[in-house]
Amino acid sequence: MAPSTAGLEDFHSYILVTGANGGLGYSICCRLIDEFLRTRPSSHSLRLIITTRDKSKSHDTIAKLKDHIFRTRRHHKMHEKTPLVAKIYLQAEQVDLCHLRSVQNLTKKLLHALPKLDTIILNAGQGGFTGVDWPLAAWTILTDFPASVTYPTFKLSQVGDVTGPQIPNSSALARDRQPDLGTVFCSNVFGHYMLVHGIAPLLSNSTATAGRVVWIGTLEAYPSVFSTSDMQGIKSPSAYESSKRLTDVLALSSSLVSTQPFVRRFLPPSGDHRPPKQYVTHPGICATNIVRLHWILVYIMTAAFYLARWVGSPWHTATSYKGACAPVWVALAAQEELDRLEKDGGAGKWGSGINVEGEERATRTEVQGWGIGGTVGDNVGLQKKKRPPEVEDLTEQAREQFELLGRECWQSMERLREEWEGILGEDD
């Protein structure tokens, strides 16, 4: 059981970020700290729980974040002449999302250690990329810029990659009974799914807001690469993009009436508490190490991202700190603001957009079958430069198909969760 929240004031915030040791995850932590310090008074505090895969990475990340807090406070005091006085507490945990026993262990620890959790940002993951098709990259960049560096088609991915046995010390017969889990699917979606279900009581205990589950998506969540017959993307040459399409579908359909029988099993209602809300965000296009490149190529890639922004791309945030804009905004915004935006415009996929001057902001992103808010006609006439490939004006038929897809995906995810809880339970 989670510790009681009786008497706990709303000004104590608890936020968990997975995959926090580098790239976008680390920048999300830095931006959370900066925004919290800048906007909260001295009576408020933030407990930022980070997860990495091992203690060494946790130690290094905590040290870097402490240094960031010190530099942020000092810089603000020097330039704004006022101190930043809100309190920040850091806590490190370890989890490997491709090992479900590790997920279970973290779940049990958090349930006993935390009184509540206001937000969990599901950032950790992997791309499964093996390299770049350089001739294709050169051709598309020369002939279709900046679209080619917004929706790239030249990344190479591993096909058929699955995790090792989830219960490695079990008998050979028991190992044979364990179904395959796609590595990218498990890292990006299913490991997080199991974690969120396990800590649902903490999210339900959120006192200031509805608990928030913030999925990290991408602009590359193409509908054509996802199939319910291969939901884990094991057979797909685009496992990463497939996992992100699934992320979009799960998050955006999570409040529909037709998916509630499964969503409520995933996040069970808890007394009079408002049920947790699910959101999907993306960082735009920013430089991270999701594709391993030589450092010279990283500089060239980053320069291409800036050039794309300067010629009018609204999505090239270029740096992971600017890419963290949308996830952090969703994590810290007043619940009333998020509810109003959804009431007026429907549930949306919030992306980190940017203008030529480098000013970032959270903005809605079109999703095929959903539009920008799930309402037919809401994306008619939008600028084509902001429209991802395969996205068309939303029709009644496409909207109905998306809802059916959402229900099917939720049903399949719940079936898979219950199957794996049974397997892991048998080994206890």
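Colleague: Let's start with two helices. Which hand does the crossing have where α1 passes α12?

Modeller: Right-handed: that's how α1 passes α12. Keep in mind that this is a predicted model.

Colleague: How do you know which residues in α1 and α12 meet?

Modeller: Contact means heavy atoms within 4.5 Å. On the α1 side you find I28, R31, L32, E35 and F36. They meet C325, P327, V328, A331 and L332 in α12. Sorted by kind, the residues of this contact come out as eight nonpolar, no polar and two charged. Arg and Glu count as charged, and α1 brings R31 and E35 to the contact.

Colleague: Now C186. What makes C186 buried?

Modeller: Buried means under 20% relative accessible area. C186 has 0%, so it counts as buried. You'll find C186 in helix α6, residues 183-198.

Colleague: What is C186 in contact with, leaving aside its neighbours within four places in sequence?

Modeller: Its contacts are L97, C98, L100, T163, L181, G191 and H192. Take C98: C186 and C98 are 88 residues apart in sequence, yet 5.4 Å apart in space, C-alpha to C-alpha.

Colleague: Where does α3 meet α6?

Modeller: L100, V103, L106, T107 and L111 in α3 meet C186, F190, G191, M194, L195 and G198 in α6. That contact has eight nonpolar, three polar and no charged residues. Gly counts as polar here, and G191 and G198 are part of the contact. Helix α3 is residues 100-113, and the axes of α3 and α6 come within 9 Å and cross at roughly 35 degrees. This crossing is right-handed.

Colleague: What makes the phi of A318 stand out?

Modeller: Phi of A318 is near 70 degrees, a positive value in a residue other than glycine. A318 sits in the loop between α10 and α11.

Colleague: Is A318 buried or exposed?

Modeller: Buried, because its relative accessibility is 2% and the cut-off is under 20%.

Colleague: Then why is T207 called partly exposed?

Modeller: T207 has 30% relative accessibility, so it counts as partly exposed. Exposed would need over 50%, and buried would need under 20%. T207 lies in the loop between α7 and β7. T207 and H294 are 87 residues apart in sequence and 46 Å apart in space, C-alpha to C-alpha.

Colleague: Which peptide bond is cis?

Modeller: The one from F145 to P146, with omega near 10 degrees. P146 is in the loop between α4 and β6.

Colleague: Last one, on the whole chain. How do you know that its radius of gyration agrees with a compact globule?

Modeller: With 428 residues, a compact globule would come out near 22 Å, and the chain has 21 Å, so the two agree. Of those residues, 54% count as buried. The chain's secondary structure comes to 14 helices and ten strands.

Key. Residues are numbered from 1 along each chain as its sequence is written. This is a predicted model: local features need pLDDT of at least 70, side-chain atom pairs count only at pLDDT 80 or more; totals for chains, interfaces and linings use all residues. Side-chain values use heavy atoms; hydrogens and water are left out. A crossing is left-handed if the near helix is turned anticlockwise from the far one by less than a right angle, and right-handed if clockwise. Helices (H or I, at least four residues) and strands (E, at least two) are DSSP runs, numbered from the N terminus. The radius of gyration is taken over C-alpha atoms; the globule rule is 2.2 Å times the number of residues to the power 0.38. Buried means under 20% relative accessible area, exposed over 50%, partly exposed in between (1.4 Å probe, protein chains only). Axes are lines fitted to C-alpha atoms, for helices over the stretch in contact, and angles run from 0 to 180 degrees between N-to-C directions.
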